Amino acid sequence: MVDDTKTTKSISLDSYGIKNATVRYQLSPRKLQEITVAKGQGVESNNGTLAINTGKYTGRSPRDRFLVEDDYTRDRVWWGKTNKGISPENFDFLQSEIEAYLSGKEIFVRDGYVCADPKYRMNVRTITEYPWSNMFIYNMFLRPDESDLDNFKEEWLVLCAPGYHCPNPEEHGLRQGNFSILNFSKKIALVGGSAYTGEMKKGIFSALNFILPVEKNVLPMHCSANVGDSGDTAIFFGLSGTGKTTLSADPDRKLIGDDEHGWTSENTIFNFEGGCYAKVIDLTEEKEPDIYRAIKPGAILENVIFKDNMEVDYMDSSITQNTRVSYPIYHIDNIQEPSYAANPTNIFFLTCDAFGVLPPISKLTPGQAAYHFISGYTAKVAGTEAGITEPVPSFSACFGEPFMPLHPTVYAEMLSKKMQEAGVNVWLVNTGWTGGPYGIGKRMKLKYTRAMISAAMDGSLEAANTGNYHIHSVFGVQQPRSCPNVPTEVLSPRTTWNNDEGYYKTAYKLSQSFRDNFKQFEEYANAEILAGAPNIK
């Protein structure tokens, strides 16, 4: 475990309204792990990795996420189901409640920053109730040098109090006692009532998804990114479970980051964060060697189950399907330092199509790229949620709707403009089912997906299919007929079904779902984007 923060500086929290607290400032990961275990808040696995349980909430609580509605946000935010408003007065009340709750306690404070490109760096001070929450921030935010701490001044403040629950939530604009709130005028993120660490991470990155396009002309993206030896950058958009983290962790390419990036007007891609936050359900060293090997002292496992010898049972989802690990990016051997690179050459939209009708890889026109970006499609499979007995389409605008405060077309127009200026190739990759839908077919083999992505990046896929792509009759995408190291029959989803009638019936059903979802965006979309829609009967 690396202890690269050894400051002896002490600070007071009185100016934040937190009185008589015992302040633990900038403790090393090793020390935070020791305190966590000593307090009985975590245990160590058989290789010394800290494991904690986040309690009631094992994932984000999107219905309890709010943005303060004031003069700065009122006419900018895409208000609705995703972005719910709360008054400045209710925010002030909850902030004072958390300050009073944290007063008199042992409190853990960490100074860090986000945005690896120095031009866009944003300092963040995080004040946490739990030591392992503070260790999570060490892993996930960028780590300043000790010399940077002497005159550190935060631009944003995070207050995290999992033990506080609002006793009268409806009176203060809440749904229930837990909450995650962003105040763009005060530049404060509040997290109360939930110990799920992702609330802090996604809070700050949701703030960047508003600040960067509005104030800095930078496109924020929920994506992973890597770069080859020749400087060719690839970015991977995708919702949870589509392989974004897995496919960007390529031993032959340097990892820039696995979740959040900015695309600047200076033609660079930069990582927002300093670590990775990966799902570990069904994890094996064979399938995901980089992630597996990154789980060592300094990492934090969340909500996992152990075998008798304190070996993690990654197959056990009895607490949650959303078992996770956070680790600093330097736990990955092959990383880009500093974590930014030039304009992308290839963009991959990853989808886990549980209907099994999308091609395993296809090339998109600019209009199709914008359409699929705004749609943000993947599918939920049977058994993942109560009541789901067959695949269900799931759409998340910009592949990250819960974290996007602005209207999706703002991000789509920025992306479309940048893609065309950079001359980037855009590919739709189905990491989901082949040979039939979930329950009949099987999941696409990871080795085939990796081979297709590698061929797209090295140019051999384009070379093998120039002028010879098959235009998919339903989705209109360019479907390759051949790809190095991939059986030809795998490239055609219709062929793998061996049931043309069933295939087209399912494909048109999914096509209609795309169109139904897109109705909410039609009045904002231009003709080129609308032409990217799939066909219907």
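**Which residues form one aromatic cluster?** Trp78, Tyr371, Tyr377, Phe395, Phe475, Phe514, Phe518 and Phe521 do. This is a predicted model, where local features need pLDDT of at least 70, side-chain atom pairs count only at pLDDT 80 or more, and totals for chains, interfaces and linings use all residues. Residues are numbered from 1 along each chain as its sequence is written, and side-chain values use heavy atoms, with hydrogens and water left out.

**View 1. Phenylalanine 373 and phenylalanine 399 make a tilted pair.** Rings of Phe, Tyr and Trp (its six-membered ring) pair if their centres lie within 6.5 Å; planes under 30 degrees apart are stacked, over 60 edge-to-face, and the rest tilted. The count by this rule is 31 aromatic pairs. Here the centres are 6.4 Å apart and the planes lie at 50°, so the pair is tilted. Both phenylalanine 373 and phenylalanine 399 are buried (under 20% relative accessible area, with exposed over 50% and partly exposed in between; 1.4 Å probe, protein chains only).

**View 2. Lysine 105 lies over the face of tyrosine 101.** The distance to the ring centre is 4.0 Å. A charge sits over a ring if NZ of Lys or CZ of Arg is within 6 Å of the ring centre and within 35 degrees of the ring normal.

**View 3. Strand β12 (residues 233-238) is largely enclosed by the rest of the structure, because 6 of its 6 residues are buried.** Helices (H or I, at least four residues) and strands (E, at least two) are DSSP runs, numbered from the N terminus. Thr233, Ile235 and Phe237 point one way from β12, and Ala234, Phe236 and Gly238 the other way.
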